[in-house]
Amino acid sequence: MEQKYTLGVIGGGVMAQAIVKNAITTRFLLPCQISVSEPNADKRVILTEMGVHLSENNRSLSQQCRYLLLAVKPQVFSCVAQELCDLNLPVMISIMAGISKEKILFSLRSTNSHASRSLNVARVMPNLACSLGAGMSAIDASTLSEDDKKFVFGLFSSAGMAAEVQEDQLAAVTGISGSGPAYVFLFIKSLIDAGIKHGLSKEESEIFVLQTLKGSLKMAENSELSLNELISAVSSKGGTTVAALDSFRKDEFQDIVERAVAAAVKRAKELSQ
């Protein structure tokens, strides 16, 4: 069957929409170069507004594209693999959390009489900020050709930053980057709530907290000082910051963060088994 599309996407959820939208916005791809298979009517409306083609089923889509983005929930993948049986498959890009390349290849080969040939799969761990074009994506494309690797990195760079990692590092990336936005949102919410508790209105507390985080991030990115030096620069002996930092240390703040990341990494590894 003729390859009508550069990118086919199975699954049209939030992350798939973000990837597609940014690929179009940055002109990495044209809408006519993308086809998406998504059964949910509301999501299909959103995708239609982007101008992409909507495919009727996963089988036909996989035969009409050069690259196939697997953007379904991990628990749905076994059903998708069944749909792709007996087909010559394109280069695949998976954003399914916790599903290893070995698992993907095993599932596809066990249902696919054409899979004696090499199946090319890249794994990517993007994060939620891709929806604003400010995402962070970790990519293992080690088995792909240079041209195919260039496409994968271009696709995810259109949604923010992309960095190459080994597959065995993806669990760690999941713990700090994939899940990381939720930790940041929790910290922001906690600071806002604390401001309200001590007399600020919700609107006032949000302004102070959000701008403080924006400014702090900018300093962390651009200052020649280390993070420890920046902490010291805000701290005066016997002052308010030191009192707060002492409270953090007493409550083992760094250990709490490390344990939370460890829990996420452990779960990511469990999912890949």
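Analyst: Buried means under 20% relative accessible area, exposed over 50%, partly exposed in between (1.4 Å probe, protein chains only). By that cut-off, 41% of the 273 residues in the protein are buried. This is a predicted model: local features need pLDDT of at least 70, side-chain atom pairs count only at pLDDT 80 or more, and totals for chains, interfaces and linings use all residues. Residues are numbered from 1 along each chain as its sequence is written, and side-chain values use heavy atoms, without hydrogens and water.

User: Why does Thr 48 count as partly exposed?

Analyst: Its relative accessibility is 46%. That falls between the 20% and 50% limits, so Thr 48 is partly exposed. Thr 48 lies in helix 2. From Thr 48 to Ala 182 is 134 residues in sequence and 29 Å in space, C-alpha to C-alpha.

User: What makes a helix here, and how many are in the protein?

Analyst: A helix is a DSSP run of H or I with at least four residues; a strand is a run of E with at least two, and both are numbered from the N terminus. The protein has 12 helices and eight strands.

User: Which residues of helix 7 are buried, and what covers them?

Analyst: In helix 7 (residues 170-178), the buried ones are Leu 170, Ala 171, Val 173, Thr 174, Gly 175 and Ser 177. Their cover, judged by contact (heavy atoms within 4.5 Å), includes strand 6 (121-125), strand 7 (135-140), helix 8 (180-197) and helix 12 (253-272).

User: What makes the phi of Asp 86 worth a note?

Analyst: Most residues other than glycine have a negative phi. Asp 86 is not a glycine, yet its phi is positive, about 65 degrees. Its place is the loop between helix 4 (77-83) and strand 5 (91-94). A relative accessible area of 45% sits between the two limits, so Asp 86 is partly exposed.

User: What is the phi of Glu 252, and why does Glu 252 count as partly exposed?

Analyst: Phi is positive, about 60 degrees, and Glu 252 is not a glycine either. Glu 252 is in the loop between helix 11 (240-250) and helix 12. Relative accessibility is 40%, so Glu 252 counts as partly exposed.
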